[in-house]
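Here is a short note for a colleague opening this model for the first time. Please read the points with the structure in view.

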Amino acid sequence: VLTSVNQTIPDLGYQGSMHSFANVKTLVPYGAWDRAGMQAGIDALPAGGAIFGKMTPMGDGIAAVSGDYASMARPAAAIIVSDGASNQGVDPVAEAAAVYQAQPGICFHVISFADTEEGQATLDKIAALNNCSVAVKGADLLASQEAVDKFVADVFYGGGEALVLHGVNFAFDSYALDAKAQGILDEAAAVLKDKGGNVVLEGWTDSIGSDAYNKRLSQNRANSVKSYLVKQGVPAASLAAQGRGKSFKYDNANEEGRYLNRRVEILFK
């Protein structure tokens, strides 16, 4: 199931990591999401061992990656793959609720392999903490690529939310797309053609310069992305380009934050 999900995620410049609950362990450290690197982490998961008398600190596992939560650009997805068993450490439901309180913009999604009512109830409670959560059964994903496609779409570019194209950022005072941005937009074009419907391309700038100038620059950035997507076969009529001007989503006090603010997001209508 993890392999199928990993193979289906579009390469849109995401950051990511992977961790296990029992034992609490980092399998893939946080950084630029790479399909092959993530697959290596999946392949490293132990399988086929006897299952008896094991202690599962699920809540501790959720808490252990708090540093990653703080680093993740918003909106952010944390996918829990579990049977819901938790017989050691802190309460996983309470810990998930604490993460929501401390880290706005994060959303827990659940792939359930529960084989007991108690385990499923725990996972259901985590999913119920926030209406952003997508909860599915692992058996359904195993049986159907269509179900995997829907899960990935709902988690990574679900309707009504902005899809941040990490890597589609611009040099200062520029709306030119570099090779990295073009590669990410190739993936985005495939997603948009498959998904259909209408989207808004929102262009943003950092906080340097006048409001009027940045409004024009942000519009040019949105137009640049639209033009590229149209060249990749996305219907022009389905794309609206809007310049939003200055952004304060990331910290404008440093160059990294200003670079991240110089971006285009896809807003699904």
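1. A disulfide here is a pair of cysteine sulfur atoms within 2.5 Å. The structure holds one. Cys107 and Cys132 form it, with an S to S distance of 2.0 Å. The angle about the S-S bond is 110 degrees, and the link of Cys107 and Cys132 is right-handed.

2. A word on the basis. This is a predicted model, where local features need pLDDT of at least 70 and side-chain atom pairs count only at pLDDT 80 or more, while totals for chains, interfaces and linings use all residues. Residues are numbered from 1 along each chain as its sequence is written, and side-chain values use heavy atoms, with hydrogens and water left out.

3. Where do Cys107 and Cys132 sit? The pair links distant parts of the chain, 25 residues apart. Cys107 is in strand E4 (residues 106–112). Cys132 is in the loop between helix H6 (117–128) and strand E5 (135–137). Helices (H or I, at least four residues) and strands (E, at least two) are DSSP runs, numbered from the N terminus.

4. Are the two cysteines buried or exposed? Buried means under 20% relative accessible area, exposed over 50%, and partly exposed in between (1.4 Å probe, protein chains only). Cys107 has 7%, so it is buried. Cys132 has 22%, so it counts as partly exposed.

5. Next, a helix pair. The axes of helix H5 (residues 92–102) and H6 come within 9 Å and cross at roughly 15 degrees. Axes are lines fitted to C-alpha atoms, for helices over the stretch in contact, and angles run from 0 to 180 degrees between N-to-C directions. Angles under 35 degrees count as roughly parallel, over 145 as roughly antiparallel, 65 to 115 as roughly perpendicular and the rest as oblique. H5 and H6 are therefore roughly parallel to each other.

6. Which residues make this contact? Pro92, Val93 and Ala96 come from H5, and Thr122, Lys125 and Ile126 from H6. Contact means heavy atoms within 4.5 Å.

7. Asn6 is in helix H1 (residues 2–8). Its relative accessibility is 3%, so Asn6 counts as buried. Leaving aside neighbours within four places in sequence, Asn6 is in contact with Trp33, Arg35, Met38, Gln39 and Ile42.

8. Ala32 lies in strand E2 (residues 25–32). Ala32 has a relative accessible area of 61%, so it is exposed. Not counting residues up to four places away in sequence, Ala32 touches Tyr14 and Gln15. The C-alpha atoms of Ala32 and Ser17 are separated by 8.6 Å, with the two residues 15 apart along the chain.
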